[in-house]
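I opened this entry to look up helix packing, the nonpolar core and aromatic pairs.

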Amino acid sequence: MSVIVTPTTTGAAGAGDPTSTSPAPGAAPGAPAVRSRFTRGPGRWVVLVLVTVTALAVVAPFLLMLLNAFKSPSDYSTNGPLSLPTELYTQGLTTYWNQVNYPQKLLNSIVISGTVAVAATVISLLNAFALGIGRVKGRVWIIGLFLLANMLPQEALVYPLYFFAKQVGLYNTQLSVIIIFTVIQSAFGTYLLSSVLSTFPRSVLEAARLDGASRWQVLWRVIFPITRPTLSVLLIFFFIWTWNEFFIPLVMLISNSTQTVPVALATLQGDRLMDAPTTNAGALISLIPCVIFFLIFQRTLTRGVMAGAEK
Amino acid sequence: MSTTTQTRRPHRTGTPRQSGQPRQPRPARRERSYWTYFLPGAVLFTAVIAIPLVYNIYLSLTRWSGIGTPKFVGLHQYTRLFSDELFWTSFRNSLAMIVAMVVVPTIIGLVLAAVLFDYLGRRFRGSVVSVLRATFYLPQILPVVVAGIVWGWILRPDGAVNAILDAVGLGSLAQDWLGDPSFALPTVMLVMVWVQIGYPVVIFMAALGRVDPELYEAAELDGAGWWARLRAITIPQIRPETYVVALTCTIAALKVFGPIFALTRGGPENTTNVPSYFAYTTFFKKLDVGYGAAIATVLTLIIVLVAAGFMVFQARAERKDA
């Protein structure tokens, strides 16, 4: 999961490349025969339909969810899960919205994920500056430790964290989850950024030093602006990963006022209090913010990649 | 990840030059050492990862309910673990999760990525391919628990799957998909394939982007069909990414928790229990902290061994290539 960042970054550019450079149909009469053959033949439509059907199968659960989120319970019990709703029933949405106090859950998720994303990016940059640029002693071992931390199952940390949090009064506070995920996410960020920064051109650093720049100035005026595209990608991924985290928030956040969006839905579903339309309405409401991120983050990723390619 | 392997080389050659660097003129004012920049990260890492990890290992050698003082019992929890039927069941289910989250998605993802990139990408506009790729990736960026809850409803006895079977006249095949001990695990596996499929597609498509297109054109001029190109060019060229996908997905499969929690809570009759859920219930429902810590420690060990094994295997394969 965590290694997504690098490949996806190149993915946005990589996948765009060949399609944009391949000639438009009929646009290049002098192009070799092989090229023009690519765009012909009815077989391509068969393949397109097959892949599209597979893609529809992937989104089918969401379509079913959408269909049933606007159904009344009686409509559901008489007509089943496949029929179109007889009326646009929004009671399920409002029931769930009020039952879990959704705006508060949304705020909790935003506060936790936003703080973690910023803090973990800052810590990653500071760590990577010391390890990748400063090349402090033992950095290979330290980076190895961070890599190891990435792989650890959270179960191996959860009970001590839960116990310590109780001791210091952080149990059931958002701060506990923020601290934990700042460290977990920055373990990945440190690993990634350290390898990025270790290839940072030394000549640029030396030039800055000769101009009398202090280490802090090198970090803030030279390294930060140049790595900004990578940092913004990290920021977005940290936000989404933290938003989607479930296990530690489930353990740490037990009261209504602290829980996050996914935990609220799961605990309510666990109580088996929800009928099918409310379950679907709750899932729909819980997914909307993520779909919005998805749309925004796709564009930002491409921008980050483009910025990286320009330099 | 692919960049890391590439970037390591200049890093090595840069080191000797760096050792001569302190002789260069330095700014006169005293500077904070690089260690200062590492300090906040090191303190946080120690408090949140190092100490809890060590403490958890210590707890695995004790009997404790979470209240009072842990009582040291040596390796008792581990001997108890190895004779526990549930422990073996949960790790057997981990193997099932590896099939569902690594083997199947990697194979399907490879074919899908090759079709999207090498076939559709050349015959349709780029936006068609982008939309399809984004669709496959969608389950990956949504909270897996929420997706699990939707699936849980779809698979209920009165859910959509049985309704669809009814509608097409196959009503006799209807099942309590997640409630029947003989169907629950395969059903969970199918859901996990759905969750996981977008990840290899995206990574493999990115990997194909760096393969020289002339390789494909040359192969095509030589009369190689799509299948031959897949075998002779695509698969060998994207081997590094295949390792990354296999490793990260295997670790994810060993850790899987959220979907199990949302779909089955390990049931029915523990047929879908996995180590992480087993540890969770032992910690927080049975309050058998020492035992839970032992499960978590064994899981950690297995993950570290699997990762180390992968890395050795990859290094050896790379050396053979070179």
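My notes follow, by topic.

I am working with a predicted model, where local features need pLDDT of at least 70, side-chain atom pairs count only at pLDDT 80 or more, and totals for chains, interfaces and linings use all residues. Residues are numbered from 1 along each chain as its sequence is written, chains are lettered from A, and side-chain values use heavy atoms without hydrogens or water.

**Helix pair.** I looked up α4 (residues 85-123) and α5 (residues 126-141) of chain B; their axes come within 11 Å and cross at roughly 170 degrees. That makes α4(B) roughly antiparallel to α5(B) (over 145 degrees). In this pair, B:Leu112, B:Leu116, B:Leu120 and B:Gly121 of α4(B) meet B:Val129, B:Leu132, B:Arg133 and B:Phe136 of α5(B) (contact is heavy atoms within 4.5 Å).

**Core.** Which residues have the most contacts inside the largest nonpolar core? I found A:Ile223, B:Met97 and B:Leu120, in a core of 195 residues (buried Ala, Val, Leu, Ile, Met, Phe, Trp, Tyr and Cys joined through side-chain atoms within 4.5 Å; buried is under 20% relative accessible area, with a 1.4 Å probe and protein chains only). α4(B) gives the most to this core, with 17 residues. Beyond four places in sequence, B:Leu120 is in contact with residues including A:Arg44, A:Val47 and B:Val115.

**Aromatic pairs.** A:Trp216 and A:Trp220 are stacked, with 6.4 Å between centres and 5 degrees between planes (stacked is under 30 degrees). Both Trp residues lie in α11 (residues 215-244) of chain A, four residues apart, so about one helical turn separates A:Trp216 from A:Trp220.

Conventions:
Axes fitted to C-alpha atoms, helices over the stretch in contact; angles between N-to-C directions. Helix = DSSP H or I, 4+ residues; strand = E, 2+ residues; numbered from the N terminus. Parallel < 35°, antiparallel > 145°, perpendicular 65-115°, else oblique. Buried < 20%, exposed > 50% of the residue type's maximum accessible area, 1.4 Å probe, protein only. Phe/Tyr/Trp six-rings, centres within 6.5 Å; stacked < 30°, edge-to-face > 60°.
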